[in-house]
Amino acid sequence: MNESHSTLESRSKWATLHSVSIAEISPPHHPIHSDLMIPGSKSVTNRALIMAAMAKGTSILKGILKSDDTYWCIEALKALGVTIEINGNTAIVHGVNGKWPHSDGTIYVGSAGTAARFLPGVLAASQGRWMIRGSQQMMSRPISPLINALNQIGAQIGYVEKEGHLPIEVIADGIRGGEVPISGRTSSQYISGLLMAGAYAKESMNIRIEDGLVQPDYVKITMDLMRIFGANVRDRCNFTEIQVDPTGYVGEEVQLDADASTAGYFLSLAAVTNGNIRINNLSYDSLQPDARFVDVLEKMGCEVERGSGFIQLQGTNQLRGGFEISMREMSDQTLTLAALAPFADGPISMVDVEHIRMHECDRIKAICESLSKMGIRVEERQDGLTIYPGDPRPAELDTYDDHRLAMSLTLIGAKVAGVRLKDPGCVSKTCPSFFAEMERLGLTIRMEGN
Ligand SMILES: O=C(O)C1=C[C@@H](OP(=O)(O)O)[C@@H](O)[C@H](O)C1
Ligand SMILES: C=C(OP(=O)(O)O)C(=O)O
């Protein structure tokens with residue numbers, strides 16, 4: 001893979017570590033035993049922002065995530081004419097009642113898959129003409145199943161440069177609704193994007209997911225928030241058919257969930273260092289699938305307390321391996337588990353995650369390359385990988401502008417002195433405070449400037 005694919009273009013005002021080229025990570029000097037609060041969920045924040053912006057009336061969103069992905073979503077909505085005030089971690093959104101005040105212009109979504117896949121539908125459901133652009137990274141990720149579906153129901157969306165990719169031009173005069181077949185095999189975000197727009201279609205929409213759905217819990221999160229904003233949406237036949245009525249949204253006051261995917265790195269830090277971490281603002285029964293990553297850590301020998309409003313994990317002296325697991329339903333934790341796997345007592349195989357080759361980078365290839373560079377035996381397959389126990393040696397590693405790769409490889413630095421990560425600032429996609437928090441918990445992190 002080519003390092004030049006990395007881009008700083010999508011770093012926002014909320015990013016940190018602007019001029020840092022390397023983070024060198026070394027293990028803590030004392031056992032980790034701490035409580036912490038996790039920042040807001042990227043997935044919930046961007047959904048809530050978009051629904052609140054579309055809604056009739058004002059919404060108050062408490063506990064938003066402030067990161068690159070949410071920054072670009074807010075900027076995109078402002079470019080559409082939405083008034084959004086940010087006070088600390090609260091966003092006050094003045095909804096536009098289904099009609100974007102600025103009916104033309106260019107909007108930029110950075111590297112946010114959520115904004116890129118959620119905005120085309122809600123634009124198409126209104127009237128106007130816009131261009132949607134993204135970062136180089138976002139431009140290389142697919143979008144055609146969503147665009148095909150929207151074009152079937154009245155949108156006129158065309159590709160400006162490369163077929164199937166951003167940038168796109170959206171010419172909008174409403175969407176019809178009715179029967180809409182769509183693929184859910186490469187991204188659940190297409191279904192969420194279509195559903196969110198469905199509340200503003202001309203008639204009820206019946207979405208048919210024809211070929212399976214990766215990460216169905218993210219569609220459940222969409223449906224849950226749609227209901228909070230007043231929509232009627234129902235799942236028929238276990239996510240093969242979903243129906244939504246054209247009710248529109250009504251402004252709401254909502255307390256947003258903490259980010260379960262971010263929590264996974266901190267819980268894993270306790271797991272791999274035999275430490276103890278308590279996350280004080282996340283429940284195991286969160287709708288976010290990654291909250292259930294503690295089940296995997298428990299299977300590996302950790303002790304987990306699933307409290308009311310908190311999750312606490314005690315690590316172990318020796319992580320257990322020797323299993324195969326489908327990571328399809330919590331695919332964002334594939335890299336986290338891959339970083340823990342060398343320290344387990346048997347090989348770990350992860351399957352069913354071919355779609356993560358189309359996330360921020362080809363994640364299967366990137367983690368295999370990183371672990372191999374550290375002398376760990378890995379087997380790469382099209383839909384996953386197997387990792388064997390070993391002693392990782394320190395190395396200088398690319399992060400491929402992928403926040404999850406950077407955050408996962410940090411876990412290896414928690415065991416092995418001198419793991420050097422290039423462009424650590426990429427964590428700002430979802431967790432700008434990641435390294436500061438890891439340092440507070442006891443890791444030694446030395447930043448080198450450009
Ligand atoms: O809808 C969402 O908020 C997300 C859906 C998932 O993407 P895919 O369904 O594209 O894999 C997940 O990996 C991503 O981090 C967030
Ligand atoms: C796949 C991810 O992001 P996106 O929302 O850009 O798809 C991710 O955060 O792991």
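Modeller: Start with Asp352. Asp352 is partly exposed, because 16 other C-beta atoms lie within 10 Å. The cut-off for buried is 20 or more, and for exposed 12 or fewer.

Biologist: Where is Asp352 found?
Modeller: Asp352 is in the loop between β19 (348–351) and α11 (363–373). Its phi is positive, about 70°, although Asp352 is not a glycine. Most residues other than glycine have a negative phi.

Biologist: And Leu17, what is phi there?
Modeller: Phi of Leu17 is near 60°, again a positive value in a residue other than glycine. Leu17 sits in the segment before β1 (20–26).

Biologist: Is Leu17 buried or exposed?
Modeller: Buried, because Leu17 has 20 other C-beta atoms within 10 Å.

Biologist: Switching to peptide bonds. What about the one from Leu166 to Pro167?
Modeller: That bond is cis, with omega near 0°. Pro167 is placed in the loop between β8 (156–159) and β9 (168–173). Most peptide bonds are trans.

Biologist: How confident is the predictor, on average over the chain?
Modeller: This is a predicted model. The mean pLDDT of the protein chain is 97, and 98% of its residues reach 70 or more. Over residues 1–6, though, the pLDDT is below 50. The model scores ipTM 0.99 and pTM 0.98.

Biologist: OK, domains. Which ones does the assignment give?
Modeller: Domain 1 (3–39 + 258–449) and domain 2 (42–255). Their C-alpha centres lie 29 Å apart.

Biologist: How many residues of each are in contact?
Modeller: 26 residues of domain 1 are in contact with 25 residues of domain 2. On the domain 1 side, the residues divide into 8 nonpolar, 9 polar and 9 charged.

Biologist: Where does ligand 1 lie, and why do you say that?
Modeller: Ligand 1 lies between domain 1 and domain 2, because both give residues to the shell around it. 13 residues surround ligand 1, and Ser43, Ser187, Ser188, Gln215 and Tyr218 are the closest. Both α3 (113–124) and α6 (189–198) give two or more residues to that shell. By type, the shell has 2 nonpolar, 10 polar and 1 charged.

Biologist: Last one. Which residue does the "active site" annotation cover?
Modeller: Asp332, according to an unreviewed UniProt entry. Asp332 lies in the loop between β18 (323–326) and α10 (334–340). Asp332 counts as buried because it has 26 C-beta neighbours inside 10 Å.

Biologist: What does Asp332 touch, leaving out residues up to four places away in sequence?
Modeller: Ser261, Asp290 and Arg404.

Key:
Residues are numbered from 1 along each chain as its sequence is written. Chains are lettered from A and ligands numbered from 1 in the order in which they are written. This is a predicted model: local features need pLDDT of at least 70, side-chain atom pairs count only at pLDDT 80 or more; totals for chains, interfaces and linings use all residues. UniProt positions are given in the numbering used here, feature names are shortened, and annotations may be inferred rather than shown by experiment. Helices (H or I, at least four residues) and strands (E, at least two) are DSSP runs, numbered from the N terminus. Two residues are in contact if their C-beta atoms, placed from the backbone, lie within 7 Å. A residue is near a molecule or strand if its C-beta atom, placed from the backbone, lies within 6 Å of it. Ala, Val, Leu, Ile, Met, Phe, Trp, Tyr, Cys and Pro count as nonpolar, Asp, Glu, Lys and Arg as charged, and the others, Gly among them, as polar. Domain bounds come from an automatic or database domain assignment. pLDDT is the predictor's confidence in each residue, from 0 to 100.
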